[in-house]
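I am opening these notes to keep track of what I looked up, going element by element and writing down what I find as I go.

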Amino acid sequence: MDIINLKQKVINGYDITITEAKELYYEDLNLLKDSANEIRKHFMKDSFDLCTIINAKSGSCSENCKFCAQSSHYKSDVDTYPLLSDDEIINDAIKQKEQGILRYSIVTSGKKLSDEDVLKEARIIKKLKDICNIEICVSNGLLSYENFKILKEAGATRVHNNLESSESFFSSVCTTHTINDKISTIKAARDAGLEVCSGGIIGLGESYEQRIEMAFKLKELNIKSIPINVLNPIPNTPLGNNDVLSEEEVIRTIAVFRFILKDSFIRLAGGRSLFKDKGEIIFKSGANAAISGDMLTTSGISTKSDLELIKSLNFTPEIISIP
């Protein structure tokens with residue numbers, strides 16, 4: 001395969017095929033990552049979307065996602081608590097804003113946040129927007145259009161809802177809801193006027209072809225903010241003994257995703273702390289966004305370190321509206 005020619009075709013507006021993406025995966029690593037980075041720079045310039053999350057409601061989840069410590073189906077060691085208080089969330093958001101974070105995501109465990117908790121979260125968002133000029137993202141499971149309208153009117157601008165994996169692999173990861181449930185939620189959020197952030201986890205046991213399948217589904221859904229998590233195996237979950245993906249495999253995945261999703265923010269999320277350079281080489285391979293700070297149940301990377309890294313790579317953290 002002529003990567004240089006394919007890269008130029010993509011820069012000129014060409015959409016690669018699934019067959020080309022699968023062939024691309026095993027091409028020369030340096031050429032692949034450098035070409036992906038050139039595509040990123042052409043379409044996205046040096047914009048970088050940096051966000052952080054708060055685990056605002058933890059544990060006791062009814063769903064059986066095999067990677068997740070918060071599932072009530074497994075005996076993992078995780079804190080369990082209801083939706084945090086107004087002050088706890090607001091004070092944390094203010095602290096993150098002061099450290100340089102521009103986007104703040106309120107994440108809750110469970111299949112969906114209850115209607116009562118949606119109203120409570122909306123109240124918190126309204127207070128937060130009055131106090132602190134920070135963009136608000138919510139990740140509250142399989143909410144309805146009506147729920148999303150309430151949160152948008154309160155001041156939220158983006159909804160996070162991962163596909164998690166490809167359609168062909170999803171049932172190997174979770175059986176208590178379907179990928180179509182996820183897609184319906186994404187469409188409901190869009191109908192309510194919210195931006196959508198959706199990606200998945202690699203290293204669940206899927207093939208690289210199934211990762212590419214997920215990328216093309218995200219493209220079909222026109223997702224422009226795409227978090228990619230690398231599985232950090234958690235003891236006492238069904239995937240607790242999975243091997244951690246090699247750095248090379250992650251680089252190849254991100255680079256091919258950039259060829260497919262040429263004008264999206266590709267966001268390094270959970271699992272970045274597993275790698276010795278904290279993802280620096282992956283930011284040189286097509287990625288241009290990150291979740292900073294701790295993840296839901298695992299440690300992350302400090303905002304200060306991330307801002308220093310982003311600056312050293314000549315990225316500019318900024319808020320850009322997406323479809």
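This is a predicted model: local features need pLDDT of at least 70, side-chain atom pairs count only at pLDDT 80 or more; totals for chains, interfaces and linings use all residues.

Isoleucine 150 belongs to helix 6, and when I set aside its neighbours within four places in sequence, I found it in contact with Val118, Leu119 and Ala122. I also looked at alanine 192, which is 42 residues apart from isoleucine 150 along the chain, and the C-alpha atoms of the two are separated by 9.0 Å.

Which residues of helix 6 are buried? In this helix, which runs over residues 145–154, I noted Asn147, Phe148, Leu151 and Ala154. They lie on the same side of helix 6, because the arc they cover around the axis is only 120 degrees. In general, an α-helix has 3.6 residues a turn, so residues three or four places apart point the same way. On the face turned away from the buried side of helix 6 I found the exposed residues Glu146 and Glu153.

I then asked what covers the buried residues of helix 6. The cover includes helix 5 (115–131), strand 3 (135–139), strand 4 (158–160) and helix 7 (179–191). After helix 6 comes glycine 155, and its phi is positive, near 130 degrees.

**Helix 7**

Next I checked the length of helix 7, which has 13 residues and reaches 18 Å from its first C-alpha to its last, close to the 18 Å expected at 1.5 Å a residue. Its buried residues are Ile179, Lys182, Ile183, Thr185, Ile186, Ala188 and Ala189. Among the elements that cover them I listed helix 6, strand 4, strand 5 (195–197) and helix 8.

I turned to helix 9, residues 247–260, and compared its length with expectation: at 1.5 Å a residue its 14 residues should span 20 Å, and the end C-alpha atoms are 20 Å apart, so the two agree. Helix 9 is mostly covered, with eleven of its 14 residues buried; including Val250, Ile251 and Arg252, the buried set also holds Phe257, Arg258, Phe259 and Ile260.

How do helix 8 and helix 9 pack? Helix 8 (residues 208–220) packs with helix 9 at an angle of about 30 degrees, and their axes are 10 Å apart. Helix 8 is therefore roughly parallel to helix 9, since angles under 35 degrees count as such. I noted the crossing of the two as right-handed. On the helix 8 side the residues that meet helix 9 are Arg211, Ile212, Met214, Ala215, Phe216 and Lys219, and their partners in helix 9 are Glu249, Thr253, Val256, Phe257 and Ile260.

**Two loop residues with positive phi**

Last, I looked up two residues other than glycine. Lysine 45 has a positive phi, near 55 degrees, and sits in the loop between helix 3 (29–44) and strand 1 (47–57). Lysine 45 counts as exposed because its relative accessibility is 53%. Serine 60, which is not a glycine either, has a positive phi of about 55 degrees, and I found it in the loop between strand 1 and helix 4 (86–98). At 55% relative accessibility, serine 60 counts as exposed.

Notes: Residues are numbered from 1 along each chain as its sequence is written. Side-chain values use heavy atoms; hydrogens and water are left out. Helices (H or I, at least four residues) and strands (E, at least two) are DSSP runs, numbered from the N terminus. The expected span of a helix is 1.5 Å times one less than its number of residues. Buried means under 20% relative accessible area, exposed over 50%, partly exposed in between (1.4 Å probe, protein chains only). The arc is that of the directions from the helix axis to the C-beta atoms. Contact means heavy atoms within 4.5 Å. Axes are lines fitted to C-alpha atoms, for helices over the stretch in contact, and angles run from 0 to 180 degrees between N-to-C directions. Angles under 35 degrees count as roughly parallel, over 145 as roughly antiparallel, 65 to 115 as roughly perpendicular and the rest as oblique. A crossing is left-handed if the near helix is turned anticlockwise from the far one by less than a right angle, and right-handed if clockwise.
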